[in-house]
Amino acid sequence: MIEMVIPPAFLLLAGAVLIGVTRGWLRTSVLLLAPLATLWAVWQVPDGVAVTAYFLGYEIEPVEGSALRRLFATIFSIMAFVGGLFAFRQARWYELAAAYAYAAGAVGVCFAGDLITLFLYWELMAIFSTVIVWVGGTPQARAAGIRYAIMHLLGGVILKVGIEGIIVHTGSVDIQPMLATNFDTWMVLIGILINVAAPPVSAWLADAYPASSATGSVFLSAFTTKSAVLALILLFPGESVLIWIGLYMVFYGIIYALLENDARRILAYSVVNQVGFMVVAVGIGTEMALNGAAAHAFAHIIYKALLFMSAGVVLYRTGFSRCTDLGGLFRTMPFTTVCGIIGALAISSFPLTSGFTTKTLISVAAEQQGLAAVYMLLAAASAGVFLHAGIKFPWFVFFQKDSGLRPKDAPWNMAVAMGIFAFLCIFLGVYPEPLWALLPYPMEYEAYAPGKVLFYLQLLLFSGLAFFLLLPWMQRTMTISLDTDWFWRVLGRRIALALIGVVARIGQGLGQLLENARQQIAPPLLRLLDNRGALGRTWQVGTTALWIVILLTTYVLLYYL
Amino acid sequence: MNDSDKQSDQSGQDDHWLVRPTTIRKLWIVFSIILALTVLGQFFIKIKGYFGIDGWFGFGAVYGLLACVLMVVVAKILGVVLKRQEDYYDD
């Protein structure tokens, strides 16, 4: 029996195209139905390879199903739906179309059974996420978009080099677990790590995402880093270097978020921080850890989008996103405030939120492997997340001083979108079983062991105490923080300008040299040619005949020699 | 929290119940009680220590507080080196 399987990504891609050619209620229908149709198609994909095709002489597998792949595709489809709902009345049509094409790329990556398909969808994401950054519309967004595109195209090239190497050396294009042991696999790993915003290029994320529009950042927060986490789970489970890379990302995110003034950039740094937890989990690589990485990615997409939505509503209503401009908005934006707080609690893995039920899986995995240092660092990081995102974000945006701003609360569609995700944050915190059922490996896990809940309450509430005790040190300043992107935005530019200067000076020197030479050499040569010079003057017949004899004799002699 | 009352007193724009000094004092009292309860709760609920010290009395509280203080201090120190004016990258 032949079963027809529709590649889910195609439905979302078709939606993206239709958004461009429809208007009014028809476009709204496309926007809301395309992700739902995609979600339906995701659940029609059976386990194993469902679609094969030939491409450039290779047998590729554009659709391969598994529990893990369906989990990621499910949350990407839900994200496209709720993001579309959040944005459709405020965003421009081309931002929505780009967002859907971008989401289609992410869904495509989920089901890619081979490296070639993976690469094609990877680049689809790179292109359309760049468009979303550009739709931000400001000169900063244009510049950040170019930097973003360069970074992701570079990552794509590195990934491609690795894939080519693997194909040439193993003859296989299959996606299968590997370790970074040779040049090819390292190139693939580095290509993926660029997309998870790993060091030393984590800066691209906080550079680009906050430059996008109030609605664009909601989409950007979801797909690129999490599809890269899925790629890591599929290709590099148990690659231990990821533990240390992930831990770096976790603390990098906290420290930079603490220094930051722009609310959306705080959230961008905390994306790096949260993805760091997942990268650590992939590095640990046990079934429990990979379950943790997948579950945390699922929960993270929801609460992070919710946080970006609440910041997006604030930006949309007030035009501001810097903490120094904001404050006291809870008075007139109670719903957005509550949603922002729920998202903030979830990201802090507060008990009864989705972050608690998923992030603790990663800690348990570290503990089961006896990784004491990793476990303790993750616990410290959980406290740090509560500090920089759990309290800092809602405090400075919705409370702190009274900024005097009295904006209206969220428009209805934005409010409904936030309501759905806020509900899911709590629902998955109270009743995580539906999410457990989606996980790739079976597990025995008691999320709410009393001792663990008490430990996390101590940890988080005392970090809350630390926040309010240290509040004078947390006051925001109108500053940005230097990051590794300084090397290409400033140092690289200076070196380039200096090189241009050097080349210009060399050119100038050469020109001067030629000019001098010309002045030295030209007059004697010209004198040869003028009417008293050896070659220019009129010769007597005898002299001419003598020269002809000499030349002919020389010629005859040379001929016989 | 003290900053927020000063601000709203100075501006005098509103007197929302949530920012009144009396409310904030009450919030601090409630918060302190909750903090105390989470530590005292360890008399009744055993926290399983996976690596010895994490089962100590009040470890989560002390560890959370100190970790945060350390991170804020590190951020503060790094900020001296890393912070720049917002127009730093503009030409």
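A:Thr479 stands opposite B:Gln85, a residue of strand 1 of chain B. In this predicted model, that facing pair belongs to a strand pairing across the two chains: strand 3 of chain A and strand 1 of chain B (residues 83-85) run antiparallel and are joined by three bridges.

The interface involves 42 residues of chain A, which are in contact with 43 residues of chain B. On the side of chain A that touches chain B, at least two residues each are supplied by the elements in the table below.

| Element of chain A | Residues |
|---|---|
| Helix 11 | 241-259 |
| Helix 16 | 372-398 |
| Helix 19 | 450-469 |
| Helix 20 | 471-474 |
| Strand 3 | 479-481 |

Among these elements, helix 19 of chain A provides the largest share of the side that touches chain B, namely 14 residues. By residue class, the side of chain A that touches chain B comprises 28 nonpolar, nine polar and five charged residues.

Of the 91 residues in chain B, 19% are buried. The domain assignment divides chain B into domain 1 (1-45) and domain 2 (47-91). Between these domains of chain B, four residues of domain 1 are in contact with four residues of domain 2, and the side of domain 1 that touches domain 2 consists of two nonpolar and two polar residues, with no charged ones.

Methods: Residues are numbered from 1 along each chain as its sequence is written. Chains are lettered from A and ligands numbered from 1 in the order in which they are written. This is a predicted model: local features need pLDDT of at least 70, side-chain atom pairs count only at pLDDT 80 or more; totals for chains, interfaces and linings use all residues. Two residues are in contact if their C-beta atoms, placed from the backbone, lie within 7 Å. Helices (H or I, at least four residues) and strands (E, at least two) are DSSP runs, numbered from the N terminus. Ala, Val, Leu, Ile, Met, Phe, Trp, Tyr, Cys and Pro count as nonpolar, Asp, Glu, Lys and Arg as charged, and the others, Gly among them, as polar. Two strands pair if DSSP finds at least two bridges between them. A residue is buried if 20 or more other C-beta atoms lie within 10 Å of its own, exposed if 12 or fewer, and partly exposed in between; C-beta atoms are placed from the backbone. Domain bounds come from an automatic or database domain assignment.
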